[in-house]
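Welcome! Please take a moment to look over the sequence and the structure before reading on.

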Amino acid sequence: MKLPVLKRDAQEKTAKKPGILAKKLLRRRVVIPVLACALAAAVALRFLGGGQPASAAGLTYTTAPVERRDITAQITGSGSLEAANSYSVTSLAEGNILTADFEEGDQVEEGTVLYTIDASDLSSTLEQAQISLNQARRSYDSRLKDLEKLSVTAPEAGRVLSLEVEAGDDVSAGQTVAALRNSDIMALEVPFLSDEAAGFHVGQSASVTLESTFETLEGTVSKIDRVDTVLEGGMIVRYVTVEVANPGALSVSQTGSAVVDGCASAGSAAFRYAAEENITAEVSGTVASIRAQEGSWVNKGDAILTLTSDSVDDNVQSAADSLRNAELSLESRYDQLDNYTITSPIRGTVIDKNYKAGETSEAGKVLCSIYDLSYLTMTLSVDELDISDIAVGQKVEVTADAVEGKTYTGVVTKVSVAGTSSGGTTTYPVTVRIDGTEGLLPGMNVDAVITLESASGVLAIPTGALNRGNTVLVTADSPSAADGTAIEGGEYYSVPVEIGASDSGYIEIVSGLQEGDTVAYIPTTGSGGFAMMMPGGMGGVSFGDAAMPGGTMPSGGPAGAPGGGRGGF
């Protein structure tokens with residue numbers, strides 16, 4: 001839709017901004033030989049007239065009294081109303097509409113469910129996506145464990161007996177990389193009668209007797225078998241492990257027996273080390289660093305060495321990528337599921353309902369339309385010469401032919417800097433908001449008036465009477481003629497003035513004139529687009545936007561003359 005152009009009358013506009021008239025007329029410059037001849041003839045008449053008033057050359061001054069008036073400067077235009085917000089609700093899914101519990105004219109809130117569409121076809125793909133995600137997560141967890149295995153740790157506390165590899169060596173899964181032994185603690189596993197062992201507990205005190213020396217050592221129960229064992233002769237026993245601190249002389253070649261809670265063991269056994277392990281690599285890789293030294297003590301879980309493995313790293317990254325793809329796939333399925341429940345995107349009024357329950361929705365089709373009618377807006381296209389006078393917050397009077405006798409109040413909410421040029425003229429969109437909208441509907445044509453300035457009961461003259469340099473010609477019998485400069489013959493006097501507000505036809509005179517004065521000026525012609533100014537020196541001629549040099553220009557002045565007329569343009 002082409003926007004209407006908000007524009008103020010040219011005379012009123014140029015009275016406020018010297019130089020604008022020339023800009024306007026430049027757009028419409030027409031050079032016609034016939035007019036050039038007429039211009040030359042007019043200049044010749046000036047000299048043939050011997051300095052007589054312009055009327056002697058066939059041009060006549062118009063006079064007007066200086067009088068008090070009300071002046072109001074306005075910009076007017078028209079446009080069509082639009083809703084504050086509007087939304088066409090479309091469907092992204094195809095299927096049978098199960099519910100559509102609303103009607104045209106209903107008020108709905110943002111998020112209100114409008115339609116539900118049968119999503120049974122999507123349920124199977126959703127389940128498949130969930131299964132794929134579970135599998136990808138298990139695979140990733142398994143690869144993470146392989147990554148943890150690159151750190152080879154001590155399975156038990158003890159001393160490092162030997163290191164079988166060096167930094168930089170390649171090792172294979174299952175290869176022995178170190179040997180570990182805990183000889184500081186010796187363990188003795190001996191049988192007790194099953195009934196007696198059933199009353200023991202881990203951590204219970206015990207005494208151990210060495211069979212070779214009959215020396216007694218204090219120990220602690222560390223393990224009790226829960227399964228009975230039948231010895232030769234039918235004796236039923238349970239094996240109990242007792243740990244003792246190695247005073248330094250115990251070895252695996254020595255034997256001993258134990259007593260727990262006053263119960264003696266049913267036999268003796270050889271001592272063994274509390275821990276003796278060959279540490280192996282669980283994954284293949286390259287030794288990156290050795291974390292323990294031979295003979296050093298390590299606790300359970302301490303790192304012995306670390307490996308690096310490109311294949312393990314690649315497998316972890318691949319598993320991570322697969323997991324993320326599975327997550328995205330499941331999210332996509334859930335997003336699709338959301339498409340089967342359609343909610344209102346805004347708070348507003350249902351304007352139309354195109355589908356109802358039982359019908360089949362089609363992807364991309366508009367199901368219904370919702371308007372936010374809490375306020376209305378209109379967009380006006382303002383001429384570049386007027387746009388500087390428009391500002392956010394200005395009041396706008398709005399009337400509609402459809403609502404007679406009522407004026408609405410709007411406010412400018414946006415002045416866009418994105419102009420549109422056409423035919424040498426640039427216009428800018430201005431948005432107006434109307435809150436009190438009773439009787440108005442979107443699409444109605446309205447007229448808008450923006451009042452720029454106003455003055456009541458002020459001295460005023462016609463806009464065409466103001467000349468270059470803010471001077472005015474007054475008749476010789478005017479009271480203010482005494483403060484002016486006589487023009488040839490003394491019939492008219494040029495008086496400097498200070499101007500104020502202006503509208504389409506009049507300019508406020510702040511100082512320089514008084515009531516009782518009569519101004520004189522030559523109005524522009526209705527054709528040809530030029531006017532001739534004779535009084536004062538050589539005189540001057542205005543043709544379109546061009547002016548012949550010399551003298552003052554009572555009317556039709558060049559660029560910079562606020563009262564210059566536009567002729568036939």
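## Before we start

Please keep in mind that this is a predicted model.

## Helix α6

Let us begin with helix α6, which covers residues 310-338 and has 29 residues.

Which residues of α6 are buried? They are Val312, Val316, Ala319, Leu323, Ala326 and Leu330. If you look for what these buried residues of α6 pack against, you will find α4 (120-148).

## The second largest pocket

Next comes the second largest pocket, with a volume of about 180 Å³. One part of its lining is made of Tyr87, Val89, Thr90, Ser91 and Leu92, and the lining also includes Asp338, Asn339, Thr341, Ile342, Thr343 and Pro345. Two strands, β3 (67-90) and β22 (341-343), each contribute at least two residues to this lining.

What kinds of residues line the pocket? Five are nonpolar, five are polar and one is charged.

## Strand β11 and its two partners

Strands of a sheet pair through backbone hydrogen bonds, in either a parallel or an antiparallel way. Strand β11 (residues 205-210) pairs with strand β12 (residues 216-224) in the antiparallel sense, over five bridges. Within this pairing, serine 205 has threonine 220 of β12 as its bridge partner. The two strands β11 and β12 form a hairpin, with five residues between them. In the turn, phenylalanine 214 has a positive phi of about 60°.

β11 is also joined to strand β15 (residues 255-260) by four bridges, and these two strands run antiparallel. Here leucine 210 has glycine 256 of β15 as its bridge partner.

## An open sheet of four strands

Our last stop is an open sheet of four strands, in the order β7-β21-β19-β9, with antiparallel pairing. Why is one side of β7 (151-153) and of β9 (170-171) left without a neighbour in the sheet? Both strands stand at the edges and each has a single partner strand, so one side of each has no neighbour there.

For β9, take a look at its pairing with strand β19 (residues 285-290), which is antiparallel and has two bridges. Aspartate 170 stands opposite threonine 286 of β19.

Note on methods: Residues are numbered from 1 along each chain as its sequence is written. This is a predicted model: local features need pLDDT of at least 70, side-chain atom pairs count only at pLDDT 80 or more; totals for chains, interfaces and linings use all residues. Side-chain values use heavy atoms; hydrogens and water are left out. The expected span of a helix is 1.5 Å times one less than its number of residues. Buried means under 20% relative accessible area, exposed over 50%, partly exposed in between (1.4 Å probe, protein chains only). Contact means heavy atoms within 4.5 Å. On a 1 Å grid over the protein atoms alone, a cavity is a set of points where a 1.4 Å probe fits but cannot get out, and a pocket is an open set with protein on both sides within 12 Å along at least five of seven lines; lining residues have an atom within 4 Å of a point. Grid points are joined across faces, edges and corners, and a volume is the space filled by probe spheres set on the points. Ala, Val, Leu, Ile, Met, Phe, Trp, Tyr, Cys and Pro count as nonpolar, Asp, Glu, Lys and Arg as charged, and the others, Gly among them, as polar. Two strands pair if DSSP finds at least two bridges between them.
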